[in-house]
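Me: Hi! Could you walk me through this structure while I look at it?

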Amino acid sequence: FEELDLAKRLKPEFELGWCRDALIRHAGGLSTRIRKRQRTPKTEYHSTLSALKFTRLYYPRRLWFMVPSRLFLKGTLFVFNGSAHLLKPLMLAYRDFWRWLNGSA
């Protein structure tokens, strides 16, 4: 959600643009790399924490729905698709989100 956060933080004198002819080569992203179509624990942790923080910062009235539904749906998906190892980073992200909300992170 870093790109969305940046877009939301743009000052009024700036605007987003689009270049049809741009060619982007993404050489980085080691922390979110998906190997063999599987998310890594690090990827799951950071994507969840980022989604929770973004929602709290920009759509706080939707947080009451997003927090439990994301936890339930992702948890269910991980159990049924054989990715139960991603439950721990999911829960750690929620823990760290609550710590961030309470100012202790």
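This is a predicted model: local features need pLDDT of at least 70, side-chain atom pairs count only at pLDDT 80 or more; totals for chains, interfaces and linings use all residues.

Me: Thanks! What percentage of the residues count as buried?
Reply: 26% of the 105 residues. Buried means under 20% relative accessible area, exposed means over 50%, and partly exposed is in between (1.4 Å probe, protein chains only).

Me: New topic: how many helices and strands are there?
Reply: You'll find four helices and zero strands, so the pattern along the sequence reads α-α-α-α. Both kinds of element are DSSP runs numbered from the N terminus: helices are H or I with at least four residues, strands are E with at least two.

Me: And how many salt bridges?
Reply: The count is four. A salt bridge here is a side-chain nitrogen of Lys or Arg within 4 Å of a carboxyl oxygen of Asp or Glu.

Me: Which residue does Glu44 pair with?
Reply: Glu44 pairs with Lys74, and their closest N and O atoms are 2.8 Å apart. This pair links distant parts of the chain, 30 residues apart: Glu44 sits in helix 2 (residues 41-58) and Lys74 in helix 3 (residues 63-80).

Me: Is Glu44 buried or exposed?
Reply: Glu44 counts as buried because its relative accessibility is 0%. Lys74 is buried too, at 17%.

Me: What about Arg9, which residue does its side chain meet?
Reply: Arg9 meets Asp5 in a salt bridge, 2.9 Å from N to O. Both are in helix 1 (residues 2-9), four residues apart, which is about one turn of the helix.

Me: Why does Arg9 count as exposed?
Reply: Because its relative accessibility is 54%. Asp5, in contrast, is buried at 18%.

Me: Last one: which residues are linked in a network of salt bridges?
Reply: Arg95, Asp96 and Arg99. Within that group, the closest N and O atoms of Arg99 and Asp96 are 3.9 Å apart, and both residues belong to helix 4 (residues 87-101).

Methods: Residues are numbered from 1 along each chain as its sequence is written. Side-chain values use heavy atoms; hydrogens and water are left out.
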